[in-house]
Amino acid sequence: MNHRVKELFISSLIGMVALYPSLLIVSIVLDPYMQDFTLPTVVLIESIVIAPILQVIALPLAYNFIKRITGL
């Protein structure tokens, strides 16, 4: 596999490992409070909440997790 393709694949994998659980937790926690909001409002609020969580917590954890699994 080309080195650049491998790097892109690993980056995508890290993003998915970080995004899915973070988005799921935020959606579960905020769902009772946002049932009456429109979909664009819900997406905006969840995006505002999820962005710092991803940058500060989830992406570094996912990077370390993938790094241990793949041995990079």
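Analyst: H2 bends by about 55° at Leu54. The bend at a residue is the angle between axes fitted to the seven residues ending there and the seven starting there. This is a predicted model: local features need pLDDT of at least 70, side-chain atom pairs count only at pLDDT 80 or more, and totals for chains, interfaces and linings use all residues. Residues are numbered from 1 along each chain as its sequence is written, and side-chain values use heavy atoms, with hydrogens and water left out.

User: How far apart are the end C-alpha atoms of H2?
Analyst: Only 38 Å, for the 32 residues of helix H2 (residues 39-70). A straight helix would reach 46 Å at 1.5 Å a residue. The expected span is 1.5 Å times one less than the number of residues.

User: And what does H1 reach from its first C-alpha to its last?
Analyst: H1 has 28 residues and reaches 40 Å, close to the 40 Å expected at 1.5 Å a residue.

User: How many helices and strands in the protein chain?
Analyst: Two helices and zero strands. Helices (H or I, at least four residues) and strands (E, at least two) are DSSP runs, numbered from the N terminus.

User: What follows H2?
Analyst: Gly71, whose phi is positive, near 75°.

User: Now packing. Which residues of H2 are buried?
Analyst: Val42, Glu46, Ile50, Leu54, Ala58, Ala62 and Ile66. Buried means under 20% relative accessible area, exposed over 50%, partly exposed in between (1.4 Å probe, protein chains only).

User: Why would residues three or four places apart point the same way?
Analyst: An α-helix has 3.6 residues a turn, so residues at that spacing face the same way.

User: Which ones are buried in H1?
Analyst: Ile10, Ile14, Ala18, Ser22, Val26 and Leu30. The cover over these buried residues of H1 includes H2. In turn, helix H1 (3-30) is part of what covers the buried residues of H2.

User: What is Ser22 in contact with?
Analyst: Leaving aside neighbours within four places in sequence, Ser22 is in contact with Ile50, Ile53, Leu54 and Ala58. Contact means heavy atoms within 4.5 Å. Ser22 has a relative accessible area of 9%, so it counts as buried.

User: And Leu30? What is in contact with that one?
Analyst: Ile45, Glu46 and Val49, again leaving aside neighbours within four places in sequence.

User: Is Ala51 buried or partly exposed?
Analyst: Partly exposed, because its relative accessible area is 38%. The C-alpha atoms of Ala51 and Leu23 are separated by 9.8 Å, and the two residues are 28 apart along the chain.

User: Which residues make the largest nonpolar core?
Analyst: It has 12 residues: Ile10, Ile14, Ala18, Val26, Leu30, Met34, Val42, Ile50, Leu54, Ala58, Ala62 and Ile66. H2 gives the largest share of this core, six residues. A nonpolar core is a set of buried Ala, Val, Leu, Ile, Met, Phe, Trp, Tyr and Cys residues joined through side-chain atoms within 4.5 Å.

User: What share of the 72 residues counts as buried?
Analyst: 19% of them.
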